[in-house]
Amino acid sequence: MLNNLKILFRQGKQFIPDVRTAEVPGIFRGRPVISRAPVDEEQLLRLCPTGAIGISPVSIDLGRCTFCGECAVAFPGKIRFTKDYKIASNVRDRLIIREGEEQPVRVDPDSVRKEIRRIFGGSLKLRQVSAGGDNSCEMELNAAGNVNFDMGRFGIEFVASPRHADGLVITGPVTENMAEPLRICYEAIPSPKLIILAGTDAISGGIFEDSPALDRSFLDQYPVDLYIPGNPVHPLTFINGVLDLIGRKR
């Protein structure tokens with residue numbers, strides 16, 4: 001007992017008491033801010049490996065962005081990345097950050113299906129499928145349930161079987177070999193159910209977008225309820241996005 005008290009005194013509490021207001025340490029890159037400063041837009045456009053940057057006016061699509069930060073390094077007076085990790089939305093267009101705009105990225109409550117908040121507001125079980133992912137997003141989603149982030153306190157948990165799930169979390173760009181298993185998993189989930197895309201690869205294909213090895217037709221057939229940007233997704237981004245989707249305040 002004495003040793004445990006010593007550890008607690010030296011290290012403090014390991015869990016994050018409030019995931020809504022937690023500060024992100026280190027060099028985390030969250031929501032970008034784009035100024036109206038004039039730059040060579042063509043040069044800026046060529047920097048991005050995934051086509052996340054648009055011009056006239058300059059914009060950054062968080063659904064395509066790998067958060068490499070090269071644009072901010074090359075044009076520090078034009079682009080900077082904040083530590084705002086609340087960048088998930090249920091509206092795809094809200095992931096596009098435009099120059100001169102500094103409003104946060106949020107879930108649109110009016111666009112959330114009513115049954116989601118009515119049925120899943122107190123408990124949400126999710127089946128995660130890695131559809132060709134590189135295991136980075138998968139590791140971060142696993143961390144979302146550990147003692148530090150503890151999303152289970154909100155009734156949000158990952159389950160092993162789609163039969164026990166309320167929704168599907170997709171990571172990875174959806175390879176051809178995973179297209180059919182993904183469909184089978186989705187159809188095994190009881191209705192009503194939801195779909196969450198976690199990470200740049202899942203949202204847009206990322207750096208693999210034009211690869212012939214992909215088959216993203218599944219995403220054209222079913223509505224997506226939440227887009228969670230990141231490369232990989234930060235646990236706080238995932239947890240806050242899901243809480244906003246199901247309408248949990250705390």
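Me: Of the 250 residues of the chain, what percentage count as buried?

Reply: Good place to start! This is a predicted model, where local features need pLDDT of at least 70, side-chain atom pairs count only at pLDDT 80 or more, and totals for chains, interfaces and linings use all residues. Residues are numbered from 1 along each chain as its sequence is written, and side-chain values use heavy atoms, leaving out hydrogens and water. Buried means under 20% relative accessible area, exposed over 50%, and partly exposed in between, with a 1.4 Å probe and protein chains only; by that rule, the buried share of the 250 residues is 49%.

Me: What radius of gyration does the chain have, next to that of a compact globule?

Reply: The radius of gyration is taken over C-alpha atoms, and the globule rule is 2.2 Å times the number of residues to the power 0.38. For 250 residues, a compact globule would come out near 18 Å. The chain agrees with this, at 19 Å.

Me: Which residue in S3 is the bridge partner of isoleucine 53?

Reply: S2 and S3 (residues 59-61) run antiparallel and are joined by two bridges. For isoleucine 53, the partner in S3 is isoleucine 60.

Me: Is serine 56 buried or exposed?

Reply: Serine 56 lies in the loop between S2 and S3. Its phi is positive, about 55 degrees, although it is not a glycine. With a relative accessibility of 61%, serine 56 counts as exposed.

Me: Which helix do the buried residues of H5 pack against?

Reply: In H5 (residues 136-143), the buried residues are Cys137, Glu138, Leu141 and Ala143. Contact means heavy atoms within 4.5 Å. Those buried residues pack against several strands, including S6 (124-130) and S8 (167-171), and against one helix, H9 (235-246).

Me: What is omega for the cis peptide bond that joins asparagine 231 and proline 232?

Reply: Proline 232 sits in the loop between strand S10 (226-228) and H9. Another cis peptide bond runs from serine 191 to proline 192, with omega near -5 degrees. For the bond between asparagine 231 and proline 232, omega is about 5 degrees.

Methods. Two strands pair if DSSP finds at least two bridges between them. Helices (H or I, at least four residues) and strands (E, at least two) are DSSP runs, numbered from the N terminus.
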